[in-house]
Amino acid sequence: MVKRLQQGDAAACEAVIRAHHRFLVAMATPLVGQGLADDVAQETWLKAFAAIKGFEGRSRLRTWLARIALNEAHALLRQYKREVSLEGWGVDSGSPIASSFSDKGTWSHPPAQWHHDSPEALLTEAELHECIRKHLHRLPGDQRSVVLMRELGGLEFAEIARATGLSEGNVRVLLHRGRQRMHAMLNHFEEVGTC
Amino acid sequence: MLTCKEMSELGSDIIDRHLGLRTRMAVFMHLRMCWRCRRYIKQLRLTSQVLQQLPLDWEPVDTAAILDKVRKHAE
Ligand SMILES: [Zn+2]
């Protein structure tokens, strides 16, 4: 795929845009706002296609794109003399599964047995895709951002901390809360069979 | 001794291997005797992997318009 991109294959270019554009916009939105997120994504493609020959495949393509997008987002903010304004970000909302434990800290509602035991198996459930997307949207903004950057984007904790102005420890807590909520959603799906 | 609740709080540090030696030992001991936490940690890892592999091409994207601007820029 990367080889075809480097040769300028039009179909490959379209496929790669289709696969990652939504991700880039979603990742940029909390940093620069909805209005500028499309610009960040567009600028990312300009830079990416100009530099694709230098892509050595040491990271996933999406991670490489995410790095370019973060640079573009910060360049755009500098240009407009704005700062990333992430008010109220990074405050720990507490465990979303606190009620699953007794006073002594043992499980009173342990997680259900799941029918699927691999990510591939889970992702064959078309209904689940829809459900995951819905719940990703419902995550608090800071958790959603960190989940997007880390899980979907594959960025390092240090990079995410730099991009958001949060501490690395803070990023880890937000990621954990986001994962916990998404786990609760998957657990519900496995238990009940619907979103 | 770690409680199950404390184990759930350590969940991401466990799957990301971000633990000091002492905590790692305590986690290991707890997991050996607690199937509920074994299940939770396993499922949390699965959740993380599902997110990593989630395809993101559900909404249509105007690829032609984007490529158009890329080409104009390259000229
Ligand atoms: Zn336990």
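In this predicted model, helices α6(A) and α9(A) pack at an angle of about 145 degrees, and their axes lie 10 Å apart. The crossing of α6(A) and α9(A) is right-handed. On the α6(A) side, the residues in contact are Glu127(A), Leu128(A), Cys131(A), Ile132(A), His135(A) and Leu136(A), and they meet Met182(A), Met185(A), Leu186(A) and Phe189(A) of α9(A). Sorted by class, the residues of this contact are eight nonpolar, one polar and one charged.

The angle about the S-S bond is 85 degrees, and the link is right-handed. What does this pair tie together? Cys131(A) belongs to helix α6 of chain A, while Cys195(A) sits in the segment after α9 (168-192) of chain A, so the link joins parts that are 64 residues apart in sequence. Over all chains, the structure holds one disulfide.

The helices named so far belong to a chain built from helices and no strands: chain A has nine helices and zero strands. Its pattern along the sequence reads α-α-α-α-α-α-α-α-α. The C-alpha trace of chain A spans about 55 × 40 × 30 Å along its principal axes.

The next topic is the space left between the atoms. Rolling a probe the size of a water molecule over the atoms shows where empty space is left. The largest pocket holds about 470 Å³ of space. It is lined by 18 residues, and those closest to its centre are Arg22(A), Val25(A), Ala26(A), Thr29(A) and His137(A). Which helix gives the most to this lining? That is α2(A), with six residues. At least two residues each come from α2, α3 (34-51), α6 (126-138) and α7 (141-152) of chain A. By class, the lining of the largest pocket has eight nonpolar, five polar and five charged residues.

With a cut-off of 30 Å³ or more, the count is one cavity. The volume of the largest cavity is about 40 Å³. Around it stand Leu5(A), Val16(A), Trp45(A), Ala48(A), Phe49(A), Ile52(A), Leu61(A), Trp64(A) and Leu65(A). Helices α3 and α4 (61-79) of chain A are the elements that give two or more residues to this lining. How many of the lining residues are nonpolar, polar and charged? The lining has nine nonpolar residues, no polar ones and no charged ones.

The axes of α2 (residues 10-32) of chain A and α5 (residues 63-74) of chain B come within 10 Å and cross at roughly 115 degrees. This crossing, too, is right-handed. From α2(A), the residues Ala10(A), Cys13(A), Glu14(A), Ile17(A), Arg18(A) and His21(A) meet Thr63(B), Ile66(B), Leu67(B) and Arg71(B) in α5(B). The residues of this contact divide into five nonpolar, two polar and three charged. For the contact of α6(A) with α9(A), where this account began, the division was eight nonpolar, one polar and one charged.

Methods
Residues numbered from 1 in each chain as written. Chains lettered and ligands numbered in written order. Predicted model: local features only at pLDDT ≥ 70, side-chain atom pairs only at ≥ 80, totals over all residues. Heavy atoms only, no water. Axes fitted to C-alpha atoms, helices over the stretch in contact; angles between N-to-C directions. Helix = DSSP H or I, 4+ residues; strand = E, 2+ residues; numbered from the N terminus. Left-handed = near helix turned anticlockwise from the far one by under 90°. Contact = heavy atoms within 4.5 Å. Nonpolar A, V, L, I, M, F, W, Y, C, P; charged D, E, K, R; others polar. 1 Å grid on protein atoms, 1.4 Å probe; cavity = no way out; pocket = protein on both sides within 12 Å on 5 of 7 lines; lining within 4 Å. Points joined across faces, edges and corners; volume = space filled by probe spheres on them. Disulfide = S-S within 2.5 Å.
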